[in-house]
Amino acid sequence: MKNKLPQIINVAAFILVISAISFALLFMPRTEVSLTEQRELEKLPVFSWELLLSGEFTRQINIYFSDTVPERDRLTAIASFINGMSGVSIDGVTLHNVEFSDKADDIPAIELEPETSDENPPIEVEPEVENTETAVIETVTGEPPEFVTDDSSAVTGDSPEGWDGVIEESVTGDSPADGVVDIANNGILVYQNRGLMLYGGSFAMGERYAAAVNVYRQLLDNSVNIYTMVIPTAVEFYCPGNYRHLSGDQRANINHIHSNLNPGVIPVNAYSALSARVNEDIYLRTDHHWAPLGAYYATEEFANTAGVSFTPLSDYERVVVPDYVGTMYGYSGDIKIKNNPEDFVYFKPPNSYTTTYYNYDNPEVPIPSSLFVSQPTSMSYSIFMGGDAKITHIVTDVGNGRKLAIFKDSYGNALVPFMVGSFEEIFVIDIRYFPYNAPAYLKENGITDVLFANNIFAANTSGMIGYIEQLTVDS
Amino acid sequence: MIFADLLFIFVFLPAVLLCYFAFKNTTYRNIVLVAFSMVFYAWGEPVMVFLMVGTSEVNRLLAILVEKHKGTKKGKLIAIVAISLTLATLAVFKYGGLLHLPFKPSLPIGISFYTFQIIAYMVEVYKGNTKAQKSSLKFLMYISLFPQLIAGPIVRYNLVEQQISGTRPTNVTNISYGITRFTIGLAKKVLLANQLGAAARTVLDGNVVMSVSGAWLGVFLFALQIYYDFSGYSDMAIGLGRIFGFSFPENFNYPYISQSISEFWRRWHMTLGGFFRDYVYIPLGGGRRMVFRNLLITWFLTGLWHGASWNFALWGVYFGVLIIIEKAFLLKVTEKVPALIKIPFTLFFVVFGWALFYYTDFERMWGFIKSLLALNSMPLTDIVTTNLLYDKIAVIIIALLFCMPIYRYIERAIERMRALQYIVPVVNVAIVFLCVIMLVGDTHNPFLYYRF
């Protein structure tokens, strides 16, 4: 018996550990929402014979069981910590899901210098050295510009090969499944505790985006001003030079979109406004969104373009949410991001206004509400109107007769507080959820100004452009 | 259901262990094993479970007939019919698409393994080496036993006949060994293969035009992944089997330290190699006549067994040709070359072979091979390769170390030093905790051999 003691202990220890974990998994309360990943976790499938026989029912039970583990966020944080120990980072850069590919193809970029018209001047920023090199190579070879990239996802809307994750454009938990799209990303790069989603769009998609917006020029009365603001993302400004080739050239793509706009559609040059202030906190480090401060500068540019008054930042009430960790931790699983939270700073407008929501599941019913809706710290970006799945109607004391409709993705949300001092009425419409025919809706509400405000990823993602195209179709 | 899954480890496994050890009677224990094996299989294949049960029962009955008519033409005919039926089942369900059959059923999990076990059984009954199993329950248990049902090892009937027909030893030595073996397999899969696989995919699944070192790093990561994935699964299968008193054969024996391709295949997926040797290569004539033809056919079929795609056949023929070259002259020529040279030389061809294995699309495969061979005018290295290598360096070093037989030394040390034996439970518990953490949030990581 004594000889068997280590074996008995081995068996006993195994039984004990398995029993304890089984008990915890089966009887402790299951996690329903992951705050760090900012998503609702899987639900138990509803039984049907069809589902069972297809094998889906049991598959979904497995997914539910591992997805909703008690204390999930704590455990995933430990897993991230362990993963962080699997090696060392060089140049202070960690890559997540970055595929090995010749991304030069994804940078049809600078060398093409898209044809521009006087109405739509190109963004004037000094080209970066890396991209210029690409340009030289391409020019020498004399190859025709490639508008379609290797990244078939950019064309089809499917996720790139090897990228298993589906990234929600919306940071709120209330987006319906059809609001979730794969976006044209090339993985995530973490540098100086900043998560950067590498951009993988294409000129072809940019053209489709421009065409989708151009349609409104034909559908709306000439008296209505139409603007488009394509918002660059953080990777464009904060990616270390020797990794820059992993991300497509957003400036070239925005230029290309602008060059494809109908002359009656006015581009808003958010790129220049942002690139001039990269030393300020214009982008969130731990989130895939920009910071409200970045939205402020972009709105200033828009106000100048639209010829409306604009309230200076000093007049706003500055609110600070400390210890904010946004989506990039959940997307990358990089513990450095979790361990280095930031301040989420937003601004409340000084003038008076009223806010009414129309939820998309019941859009006829007005819900008097507030422009700012308090959120758990990790979901701070959803402070603006509490997220995306609604139409927000704001009536202000501006009295200039200008009525603005914003068709936007979640990037556009941060613009809204800075518009309150510039327009008499504002309709905030998310392109993913709007249930009406857009031109008819705009006419009905006497809209004078329409702004399409989307981030460059959305403007290069088939699914997102599809939503804009659908807006003109009667539901 | 797969082993490296929270639902399996913490719900299914405790339930089956509890029910199994609640009985002392072997028949009841067999019933428990069959019932749970059915649940295990039906969990992933709610319809195809009937195909497995049907195939099992039909072959049990045919084997009885074969035995009854042993030595007669009738017996031979029944054996041929039985084997043809089993092969036809495999052909239809696995190679339906490849053979352009009018309907394309989805591949039932584990069909490649259980049909081979049935074929081997039938041949041995025909030859009179094995007695036909009369009991439906026992034969179904042999075929459906969940530890080895879906990814091997391919267990020959005669190896477990005693444990199936008679009683199985239940003792703490077996159970303790089984637990440790299962835990090692789990660690191989969850702590190494999953991490290596994620890294390999970032290289292999994108554009196949890449730097030379990037391509080699990718295929090297895949080589490590597939070894830890598959050998981890075999470890878990052998461990689980041992807990229930079964002794399954070993399936891997440090394949990456082989000094020749022939040796590699004596160390890699040994139960499959053994099957093809005994039931294809030797019946074809083996080394006695037309040896090169026999080798090519055997390796073509071995390759094709791995998946219903021609790249697997190419992969098999690639090894067939290499083995022919070795048999023809290379083994003799290199007899006196030191192992330190022969091992990396062999490894080069094995790792290169994984590129043929990985890409089912020939165009992508060729593009990738051009990257491997520096034919794509891409730089020798690039920043992403360097970054990835450094980012996974600890995992890669650990994985490389355990490709060498250091675990054997650890095992011997544990045997010799009693104090070390008390560390085993601590390590096992730590591994379980670590694996739980790493599995949380992971949606499924299906075993690579699942598709075979």
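Visitor: Leaving aside its neighbours within four places in sequence, which residues is B:Leu196 in contact with?

Guide: This is a predicted model. B:Leu196 is in contact with B:Leu221, B:Leu224, B:Gln225, B:Tyr228, B:Val395 and B:Ala399.

Visitor: How many residues has the largest nonpolar core?

Guide: The general idea comes first. In soluble globular proteins, nonpolar side chains tend to be buried together. Here the largest nonpolar core has 243 residues. B:Leu196 is among those with the most contacts inside it, as are A:Leu189 and B:Cys435. Helix 10 of chain B, residues 212-243, gives the most to this core, with 20 residues.

Visitor: Now the sheet. What is the strand order in the open sheet of chain A?

Guide: Read across the strands. The order of the 8 strands is 7-6-15-13-14-12-10-11, and the pairing is mixed. Strand 7 (265-267) and strand 11 (367-369) of chain A each have a single partner strand, so one side of each lacks a neighbour in the sheet. From one strand to the next, the twist averages 25°.

Visitor: Which helix packs on the sheet?

Guide: Helix 11 of chain A, residues 292-306. This helix touches strands 6, 7 and 15 of chain A, and its direction makes about 155° with that of strand 6.

Visitor: How is chain A divided into domains?

Guide: Domain 1 covers 27-87 and domain 2 covers 105-470. Their contact takes 12 residues from domain 1 and 13 residues from domain 2. On the domain 1 side, helix 4 (72-84) of chain A gives the most, with 5 residues. That side divides into 4 nonpolar, 5 polar and 3 charged residues.

Methods
Residues numbered from 1 in each chain as written. Chains lettered and ligands numbered in written order. Predicted model: local features only at pLDDT ≥ 70, side-chain atom pairs only at ≥ 80, totals over all residues. Core = buried A, V, L, I, M, F, W, Y, C linked by C-beta atoms within 7 Å. Buried ≥ 20, exposed ≤ 12 C-beta atoms within 10 Å, placed from the backbone. Helix = DSSP H or I, 4+ residues; strand = E, 2+ residues; numbered from the N terminus. Contact = placed C-beta atoms within 7 Å. Pairing = 2+ DSSP bridges. Axes fitted to C-alpha atoms, helices over the stretch in contact; angles between N-to-C directions. Domains from an automatic or database assignment. Nonpolar A, V, L, I, M, F, W, Y, C, P; charged D, E, K, R; others polar.
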